[in-house]
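Subject: Structure handover

Hello,

I am passing a structure on to you. Please look through it first; my notes follow below.

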Amino acid sequence: MRNTSKNTPSSTSVNTLSQAIFTVNRHAKTAGNPKYLYALKKRALTKMIREGKAKKIGLHFSKNPKFSQQQSDVLVDCGEYTFHIPPTKEDFKQLPHLGTLDQSLRNPRSRMGLQQAKSILEDYTGMSDTDDKHKKQGKNSYQKPVFKKLGDSFF
C-alpha cells in the first residue's frame, strides 16, 4: 500500500533547519525585542532533539550570566552547527559539564535571510508572530481622558 501522508519537505532537513536557527539566533542578538526570536529558536531545537535530529552534548558556563552569577547553558549539536539553550533540572543531572566555551570553535557562515529563516522555523514548530502582535495591540489601546466643564454632568 502506498504511503499517502505528506512527505518531509526539503525545508525540514537538518541542514536547512540548523541554518535557519543560526540566522534567527544571529538576528536575535541585535534585535530590539528578541523574545520571539529566542522562543522560536528554543522551540525548534527542542523539537529537533525530540525527533533525534539534534543532540544535547553537555553544559557550558554562560559567557554573559544574569546578575553576575555563574550560569550554565546546554550545548546542542545540530548538523554542522552548535547552539546553546537554557538548561532544565534534568540536564544538570544527566549531562557532563564541559567548562568554559572554546572561543576558537565557530559555526559555519549562512546566507539565509531572516524572513526565510523565520518562515521555515514557524512552519516547523507551528509558532506564529501574530500572537505577539495581537497582545501588543491590546496593550496599547489607551483612551484619552474626557474632561467635562465645571458643573456638567458625567452621565
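Does aspartate 91 count as buried or exposed? At 3% relative accessibility, aspartate 91 counts as buried, where buried means under 20% relative accessible area, exposed over 50% and partly exposed in between, with a 1.4 Å probe and protein chains only.

Some background before the rest. This is a predicted model, in which local features need pLDDT of at least 70 and side-chain atom pairs count only at pLDDT 80 or more, while totals for chains, interfaces and linings use all residues. Residues are numbered from 1 along each chain as its sequence is written, and side-chain values use heavy atoms, with hydrogens and water left out.

The chain as a whole
The protein chain has 5 helices and 3 strands; these are DSSP runs numbered from the N terminus, helices being H or I with at least four residues and strands E with at least two. Read from the N terminus, the order is α-α-β-β-β-α-α-α. Of the 155 residues in the protein chain, 30% are buried. The accessible surface is about 11,800 Å², and carbon and sulfur atoms hold 51% of that (Shrake-Rupley method, 1.4 Å probe; for residues, only the protein chains shown count as cover). Among contacts with a separation of 6 or more, 64% join residues 24 or more positions apart, a contact being heavy atoms within 4.5 Å.

Aspartate 91
Aspartate 91 sits in helix α3, residues 89-94. Leaving aside residues up to four places away in sequence, aspartate 91 touches Lys56, Leu59, Val74 and Pro86.

Glycine 79
Glycine 79 is found in the loop between β2 (72-78) and β3 (81-85). Its relative accessible area is 47%, so glycine 79 is partly exposed.

Helices α2 and α4
The axes of α2 (residues 35-51) and α4 (residues 114-125) come within 10 Å and cross at roughly 50 degrees. Axes here are lines fitted to C-alpha atoms, for helices over the stretch in contact, and angles run from 0 to 180 degrees between N-to-C directions. The two helices are therefore oblique to each other, since angles under 35 degrees count as roughly parallel, over 145 as roughly antiparallel, 65 to 115 as roughly perpendicular and the rest as oblique. Residues of α2 in the contact include Tyr36, Leu40 and Met48, and those of α4 include Leu114, Leu121 and Tyr124.

Regards
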